[in-house]
Amino acid sequence: MDFDYFFKPKGIAVIGASNDPLKLGYEVFKNLKKYRDGRVYPVNVKDEEVQGVKAYKNIKDIPGEVDMAVIVVPKRFVKQAIIDAGEKGVKGAVIITAGFGETGEEGKREERELVEIAHKYGMRLIGPNCVGVMNTHNDMNATFIMDAKKGSIAFISQSGALGAGIVYKTVKEGIGFSKFVSIGNMADVDFSELMEYLADTEEDKAIALYIEGLKDGRKFIDVAKRVTKKKPVIALKAGRSESGARAASSHTGSLAGSWKIYEAAFKQSGVLVADTIDDMLSMARAFTQPLPKGKRVAIMTNAGGPGVLTADAIDRKGLKLANLEEKTIEELRSFLPPMAAVKNPVDMIASARGEDYYRTAKLLLEDPNVDMLIAICVVPTFAGMTPTEHAEGVIKAVKEVNNGKPVLGLFMAGYVSEKAKELLEANGIPSYERPEDVAAGAYALVQQAKNVGLPRED
């Protein structure tokens, strides 16, 4: 499956590009002006220029190659826009315009007609009733929302507004996306085909899905079985309850179906199930780390409370605390204060400095009974200390040991931890703020390790 024309197009036409800041076509074209991998052309039947760029009356008037069209015109003009794009040789069109399948049977009929026209020209469609698509790795934002932060999670959302809300949330929280796709009504391109494409891309380390309903469940299962052998797929399924299912069906025109059927399908195909938005993001973020060979977790902390809460959280996820070797325990005793707890979780107490984090992390990573490490830091209460030195200690240990065991951070100091968390993330170590979130990340790594058939050391 090759969808490069949606994510790395040589030429993009915005049909309905506008000079009016109150119109979606204004925001879409404004966002696309910084695209790095190709040309962007505004199409506007009235204006000679759009936002200072020469405009064209029709996409067919554009002299250069155009392989993607973003359609932001009133519904009555969409059909002709598809025909014009097809005659221009466009390979993929993103239809932002709403008012089709989500409105009822007549809308579904009109939607099918658009797909038939597009296929006649060998063109594929994303949408309609969507927010658009984004690729942060080449600054392509073919949406009317803000830029996502650059990262490694590909996020596909059936709801445009919710997807947009999650983009804004992740920007605030410093979580990065590689791609964002709002697929709307899925008249043509669906979850399955996008997953198949993303399975072979380098920059997308995990695939996160917000699903309301599937139109072809068997196809999804077949594709997901293949994709999850290569990359993790995390699904947040809406419409689990009877009330939610009714709401989902009326939203995008997809049948939400029985949650038990979806749950079984996800399990059968290796898709990881998220219960909340935070759960989905926490799981997806973990995949900047290698996969573990087991589910035995070591926890290190400078305060007992978060260590206990994290132990509870991983237990609820079916993971377990590692039983440290006696040699590890003895070496921890040799440099940690007498009041430190040197069994798992290792509580180095509040006086722990960066050097203590380094030595402790190194010993825990070297312990053969440990499959992964969670490094916790709360606000340092001793003068002259900042969480940054603790993060530096963990990073130094990981680089020295370099044995492929995953490490997750839990830095619970709000804005005081920001620099430390940025440092960890820059070194590929995801850093969380709540015990349940870091546990979700650890769980996801273990489950994906099972999907790819890593040898177990449980």
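**Terms and basis of the model**

Helices (H or I, at least four residues) and strands (E, at least two) are DSSP runs, and they are numbered from the N terminus. Asn-129, for example, is found in the loop between strands E7 and E8.

This is a predicted model, in which local features need pLDDT of at least 70 and side-chain atom pairs count only at pLDDT 80 or more, while totals for chains, interfaces and linings use all residues. Residues are numbered from 1 along each chain as its sequence is written, and side-chain values use heavy atoms, with hydrogens and water left out.

**The parallel sheet**

Strands of a sheet pair through backbone hydrogen bonds, either parallel or antiparallel. In this model, 5 strands in the order E2-E1-E5-E6-E7 form an open sheet whose pairing is parallel, where two strands pair if DSSP finds at least two bridges between them. Strand E2 (39-43) and strand E7 (124-126) stand at the edges with a single partner strand each, so one side of each is left without a neighbour in the sheet. On average, neighbouring strands of this sheet are turned by 20 degrees against each other, direction ignored; the axes behind such angles are lines fitted to C-alpha atoms, for helices over the stretch in contact, and angles run from 0 to 180 degrees between N-to-C directions.

Within this sheet, strand E1 (residues 11-15) pairs with strand E5 (residues 68-71) in the parallel sense over 4 bridges, and Ala-13 has Ala-69 in E5 as its bridge partner. E5 is also joined to E6 by 4 bridges, and these two strands run parallel; here the bridge partner of Val-70 is Val-94 in E6. In a regular strand the side chains alternate between the two faces of the sheet. Strand E6 (residues 92-95) shows Gly-92 and Val-94 pointing one way and Ala-93 and Ile-95 pointing the other way, and all are buried, where buried means under 20% relative accessible area, exposed means over 50%, and partly exposed lies in between (1.4 Å probe, protein chains only).

Another open sheet is formed by 7 strands in the order E9-E8-E11-E10-E12-E13-E14, with mixed pairing. Its edges are strand E9 (140-143) and strand E14 (272-274), each with a single partner strand, so one side of each is left without a neighbour in the sheet. Neighbouring strands of this sheet are turned against each other by 20 degrees on average, direction ignored.

Strand E10 (residues 150-157) and strand E11 (residues 177-182) run parallel and are joined by 6 bridges, with Phe-177 in E11 as the bridge partner of Lys-150. Helix H5 (residues 160-173) lies across E10, E11 and strand E12 (206-211), and it runs at about 160 degrees to E11.

**Backbone features in the loops**

Most residues other than glycine have a negative phi, and most peptide bonds are trans. The peptide bond from Gly-127 to Pro-128, however, is cis, with omega near -5 degrees, and Pro-128 has its place in the loop between E7 and strand E8 (132-135). A cis peptide bond also joins Asn-344 and Pro-345, with omega about 0 degrees; Pro-345 is placed in the loop between helix H12 (326-335) and strand E17 (346-347).

Asn-129, which is not a glycine, has a positive phi near 60 degrees, and with a relative accessible area of 21% it is partly exposed. Asp-139 likewise has a positive phi of about 60 degrees although it is not a glycine. Asp-139 sits in the loop between E8 and E9 and, at 32% relative accessibility, counts as partly exposed.

**Two buried serines**

Ser-192 belongs to helix H6 (residues 191-198) and counts as buried at 3% relative accessibility. Leaving aside neighbours within four places in sequence, Ser-192 is in contact with Lys-219, Phe-220 and Val-223, where contact means heavy atoms within 4.5 Å. The C-alpha atoms of Ser-192 and Val-223 are separated by 6.0 Å, although these residues are 31 residues apart along the chain.

Ser-269 has its place in helix H9 (residues 259-269) and is buried, with a relative accessible area of 2%. Not counting residues up to four places away in sequence, Ser-269 touches Ile-221, Ala-224, Lys-225 and Thr-228.
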